[in-house]
Amino acid sequence: MNYKLIFSISKSMLLARLRQTSVAAIGVTFSICMFITLLSFMTGLNDLLDGLILNRTAHVRLFNEIKPNDKQPINTSADFKNTYNFVQSVKAVNSRKELYNSEAIMNAVKKDDRVLGLAPKISAPVFFNGGSVDIAGVINGIDVEAESKLFFFNDYVVKGTSIDIKNVSNSIVLGKGLADKLLVNIGDVVQVITSQGEQFPLKVVGIFQSGLNDIDKVQSFASIATAQKLLGKNNNYITDIQIKLHDVKQAPEIAKEYSQLFETDAEDIQTANSQFETGSSVRTIISYSVGITLLIVAGFGIYNILNMMIYEKMESIAILKATGFSGKDVQLIFIVIALTIGIIGGLLGLLLGFSLSSVIDQIPFNTASLPTITTYPINYNPKFYIIGAIFSVITTFLAGWFPASKASKVDPVIIIRGK
Amino acid sequence: MSEIILQAKNINKSFHDPITIPVLKDISFTVNKGEFVSVIGKSGCGKSTLLYILSTMDTDYQGELFIDNETMTNKKEAKLAQIRNQKIGFVFQFHYLLNEFTALQNVMLPGLKLKKYSEQEVEHRAMERLKKLGIEQLALKPANQLSGGEKQRVAIARALINDPAIIMGDEPTGNLDKRNGQIVFDIFKQLAEELNQTLLIVTHDSEFARNSHRIIEMEDGRIIKQ
């Protein structure tokens, strides 16, 4: 087939009807632009909202749940092995909340290739003494470096510096809501009463704002050593190990595995935060369907314009056929026209979509609950651009295919005689 | 006996809409190389219909058709297109140039499609033919800026580009004034006599027909005189 000739004929026909074809191309441009912008913005927002929780949540968390023991003594006795034992009024014992042998667990987990990193944690329920009232809260003993690296702790410390809780002994980073309630600022000292009834003075070195008010009102952070001191425990005492994986999808499987291996409770992120997953997937589906609808509408525009073009070009088609162009050649000419519209329109759309998302990215977006966000979030995932490009080519190809097949079936005799 | 270029054997055709009407009845004739044949007859006698069957564009008929000793009956559409491209040159009543192209490009198109020569050669050949028809100065003009007579001469140049076995014309002078009609006729005559080009022209211009080598006269779907 003589492609050069086909292309030059298509080009001439396109240029002869420049205005019409431009309108079709603009349709594609517009829809691709909206597709890109919508998806970038929507997923940017999704990532932001998910990040609010998921960034700070461990993919797998190892801990000891307070619950009644599954293995009641009578069941382990050989004498009662073949009987069914009823034990009434089973209660959870205030056994140790710590993870047994935490040091060994951490070493084993660190060696696992699937694990990105881990951060040990102690959570200690306390009361903050604010004059005449005591406010219930939680002090999380954390390894601030690991926490910053894996869970972006640094991003949420709005005042002071997070590393100070490691460098300054007996120091604390308070949630913003909590600090407001206690009327304290950096440099002040808060009185903390542990669940054992001991009172401790801690120096405030930072204020923390997560964006979730409920968290900011109760949570505070101290170094692991400080937390151990508060609870009167030795330096092996760890209540939680938070693990971040390379692939979050493996979490349920790994959680199960660790739970058996280390004989602890293990919770995966999917179980802990299933609602976020659902929310973001629904939002993504909505944005994709709106974007694809736009593209299909643009496809119909191209279909219409090509159809009109074919009616106008009946004579030319008849002539081409009479002088030796086959139906296939004619079909190819019109498909090339459609694809040219699609490719040019699509490329412009990608560029325009990128610019529009960059513009949105510059619009200020300040909310008190999101300290790290200053502009509207945009996700510049190249995936959207690839999908947009492929889809624009596919829709225009289909939109061109039907009119082109029609053109290929034009009977030159009817046109030439009919005049 | 000279070489046979076109042979029609017992060609029959009917229109079936809304009722079956036979339009061509048992048409058989041959055209030899270098002959200038005109087909005449009253409107509706089937002469144009016959021409489109002979041109391979209309394939809905019974009988057999040979061009250059090759049967055209029951061939695929793409194959027929290729044969039209190579062996048949067309001149229509209404000029039918592609308005998106210049005169030269219009002439070159079937040549480029055939791909027998390189683009430069096709362009050279196209210019040669335009020169021969005395319209080389129009080569770079867009087709829609040409006059009727000029268009028809460009169309003849286009018909000649691939050195076809036969040129077919459907009332090529029907839409031209007397002077332009004469010019076109002279070109045909010259092609037949100087270049031994075979021509088959449908016309209802009896003067045109009289001056050709041979007349096939049709009436009611039959050849009544040849």
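This is a predicted model: local features need pLDDT of at least 70, side-chain atom pairs count only at pLDDT 80 or more; totals for chains, interfaces and linings use all residues.
**Confidence first**

The elements are DSSP runs numbered from the N terminus, helices being H or I with at least four residues and strands E with at least two.

Residues are numbered from 1 along each chain as its sequence is written, and chains are lettered from A and ligands numbered from 1 in the order in which they are written.

**Chain A as a whole**

I counted up the secondary structure of chain A and got 16 helices and 10 strands. Its radius of gyration is 33 Å, well over the 22 Å that the globule rule gives for 419 residues, so chain A is more spread out than a compact globule. (The radius is taken over C-alpha atoms, and the rule is 2.2 Å times the number of residues to the power 0.38.) The C-alpha trace spans about 105 × 65 × 35 Å along its principal axes.

Domain 1 of chain A covers 3-54 + 276-418, and domain 2 covers 60-70 + 95-272. Their centres, taken over C-alpha atoms, are 51 Å apart.

Next came burial, where a residue is buried if 20 or more other C-beta atoms lie within 10 Å of its own, exposed if 12 or fewer, and partly exposed in between, with C-beta atoms placed from the backbone. By that count, 40% of the 419 residues in chain A are buried.

For contacts I used C-beta atoms, placed from the backbone, within 7 Å. In chain A, 78% of the contacts with a separation of 6 or more are between residues 24 or more positions apart.

**Helix H13 of chain A**

I picked out H13(A), residues 314-322. Seven of its nine residues are buried, so the helix is largely enclosed by the rest of the structure. Among the buried ones I noted A:Ile317, A:Leu320 and A:Lys321. Just after H13(A), A:Gly324 takes a positive phi of about 110 degrees.

**Strands around E2 of chain A**

I followed E2(A), residues 115-130, through its pairings; strands pair if DSSP finds at least two bridges between them. With E9(A), residues 240-245, E2(A) pairs antiparallel over six bridges, and A:Val115 stands opposite A:Leu245 there. With E3(A), residues 133-142, E2(A) pairs antiparallel over 10 bridges. I found A:Val126 opposite A:Gly137 and A:Asn129 bridged to A:Asp134. That hairpin has two residues between the strands, and A:Gly131 takes a positive phi near 75 degrees in it.

E2(A) also runs antiparallel to E6(A), residues 189-194, joined by four bridges; A:Phe127 stands opposite A:Ile193. E3(A) in turn pairs in the parallel sense with E8(A), residues 219-223, over five bridges, with A:Asn140 partnered by A:Phe221.

**Chain B and the contact with A**

Chain B has seven helices and 10 strands. Its radius of gyration is 17 Å, close to the 17 Å that the globule rule gives for 226 residues, so chain B is as compact as a globular protein of that length. Its C-alpha atoms fill a box of roughly 50 × 45 × 40 Å along the principal axes. Buried residues make up 51% of the 226.

The contact takes 23 residues from chain B and 21 from chain A. On the chain B side, H2(B) supplies the largest share, six residues. I sorted that side into 13 nonpolar, three polar and seven charged residues. The classes: Ala, Val, Leu, Ile, Met, Phe, Trp, Tyr, Cys and Pro are nonpolar, Asp, Glu, Lys and Arg charged, and the others, Gly among them, polar.

Last, I checked B:Lys115, which sits in the loop between H3 (103-114) and H4 (119-132) of chain B. B:Lys115 is partly exposed, with 14 other C-beta atoms within 10 Å.

Technical notes: Two residues are in contact if their C-beta atoms, placed from the backbone, lie within 7 Å. Domain bounds come from an automatic or database domain assignment.
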